[in-house]
Amino acid sequence: MLVKIFGSAVFGVEATTITVEVNIDKGIGYHLVGLPDNAIKESSYRISAALKNNNYKLPGKKIIINMAPADLRKEGSAYDLTLAIGILAASNQIKSTKVGDYIIMGELSLDGNLQPIKGALPIAVKALEEGFKGFILPKQNAKEAAIVSGLDVYGIENITEAIHFFDDKAELEKTTIDVQAEFNKNLDNPTFDFADVKGQESVKRSMEIAAAGGHNIILVGPPGSGKTMLSKRLPSILPPMTLQEALETTKIHSVVGKVKDTGLMCQRPFRSPHHTISDVALVGGGQYPQPGEISLSHNGVLFLDELPEFKRSVLEVMRQPLEDREVTISRAKFTVTYPSSFMLVASMNPSPSGYFNDPDAPVTSSPAEMQRYLSKISGPLLDRIDIHIEVNPVPFEKLTEESQGEPSIVIRERVTRSREIQSLRFKEFENIHYNAQMGVKQIRKFCQLNDESMLLLKTAMERLNLSARAFDRILKVSRTIADLEGADNITSTHISEAIQYRSLDREGWLG
């Protein structure tokens, strides 16, 4: 008997429906075709044990299973439940009348219990698009899939529940989720708060500007000055995610199985990879491409602590994603694209010893050591970082103050107002939502300067030996500073503050 049943494969952040054809005929053998990987080929052992332990059996006949489209590589153990139900239906051990109405996915344990799968959200989206009645999957992934309204989602704990459902012996409980309620959770309760930071007013100001305009920022200062502490608090002042951003972010994390039990990711991600990370782990890829850290940071923050300690090759592969806000991974037979619109926050010591120009420092670095250390950061990469800020150690008097700093929620209100101004400004542009995304045309249109401001900028470029690449960055940052004040035009005050945030472009820093 021939039975058709449906599963799904995830490529990039999109799913493709897989038709599993199970044919049982006279003879002996188990033949699985359609480019399955080793995990799928081993499924016969898991399926056999799971069925036997639940009083069913793998028929002693010739079983041929085709996974179509046959030229598309399938991977992972999530097809166990799909294949098992197909075999039971084709051998008349269960009814086959409604097995084709559902997407069925799940990894089987030997006792028939189900293990969680990856990519439940994109699979659910595809199932709804293609008109399936519902999605049957492990209970651990049910909330994640239930984000998709209009699709019946059934979370089950073991294969017996699925068998009884298809045999009309029992009903399954539909999983529902209030997406709006999930979306509103914890928006005003950040884990890290700027109120905990003593002093560092100038650095906090620069981070507010970075958040308001979506600008990349690098913090330069000696060990213990608070660079990491400040960086971890940046997500707390970013504008709350829109529902669309939350869905995009959840979809990426779903692909790698990192969605928590709540289903929808409500807060902006903060990723902080170790400096030993490889190129593939950062940008994504592998034999079967998976999103890397820059995609897992989508709509959030990627923090690179001690930037010069990262391998130069790792830093260089970030250049294209920083510019295009997406990363494309090509293989011989397919190409996948992952979104990577993130804020880069980096930190570094000013020298190998960490105490450049500090007269009280116990260790100093030679000019040659300084040059080797700083040359690890290329000019083109630095070109994509709008704000450079020097972080100085906090004086003892500030550390012992009883008063708290300004809380993140207050700063975020100003940042959100600024982003709203930018959204209105760029509403006619499809892929531009905030100042950091401006191209040359938008800069010329929205960052016009009067004679006084232009003279100030020209003088700064000449006297401070700023590089030519600093010009557009200063204009973008000054536009954000003006937006924070609610000013229509950029003034010399805004230009003056923006100039301060280009310290690494000055003569002597990077050669």
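Reader: Where do the charges sit on average?
Author: The chain has 58 positive and 64 negative charges, and their mean positions are 5 Å apart. Lys and Arg count as positive, Asp and Glu as negative, while His and the chain ends are not counted. Each charge is placed at NZ of Lys, CZ of Arg, CG of Asp or CD of Glu.

Reader: What kind of model is this?
Author: It is a predicted model, where local features need pLDDT of at least 70, side-chain atom pairs count only at pLDDT 80 or more, and totals for chains, interfaces and linings use all residues. Residues are numbered from 1 along each chain as its sequence is written, and side-chain values use heavy atoms, with hydrogens and water left out.

Reader: How many helices and strands?
Author: The chain has 22 helices and 18 strands. These are DSSP runs numbered from the N terminus: helices are H or I with at least four residues, strands E with at least two.

Reader: Ok, Arg479. Where is it, and is it buried or exposed?
Author: Arg479 is in helix α21, residues 470-485. Arg479 counts as buried because its relative accessibility is 4%; buried means under 20% relative accessible area, exposed over 50%, partly exposed in between, with a 1.4 Å probe and protein chains only.

Reader: What does Arg479 touch?
Author: Beyond its neighbours within four places in sequence, its contacts include Arg425, Phe446 and Asp488. Contact means heavy atoms within 4.5 Å. A polar atom of the Arg479 side chain lies 3.1 Å from the backbone oxygen of Asp488.

Methods. Polar contact = N/O pair within 3.5 Å; in protein donor to acceptor, adjacent residues only side chain to side chain.
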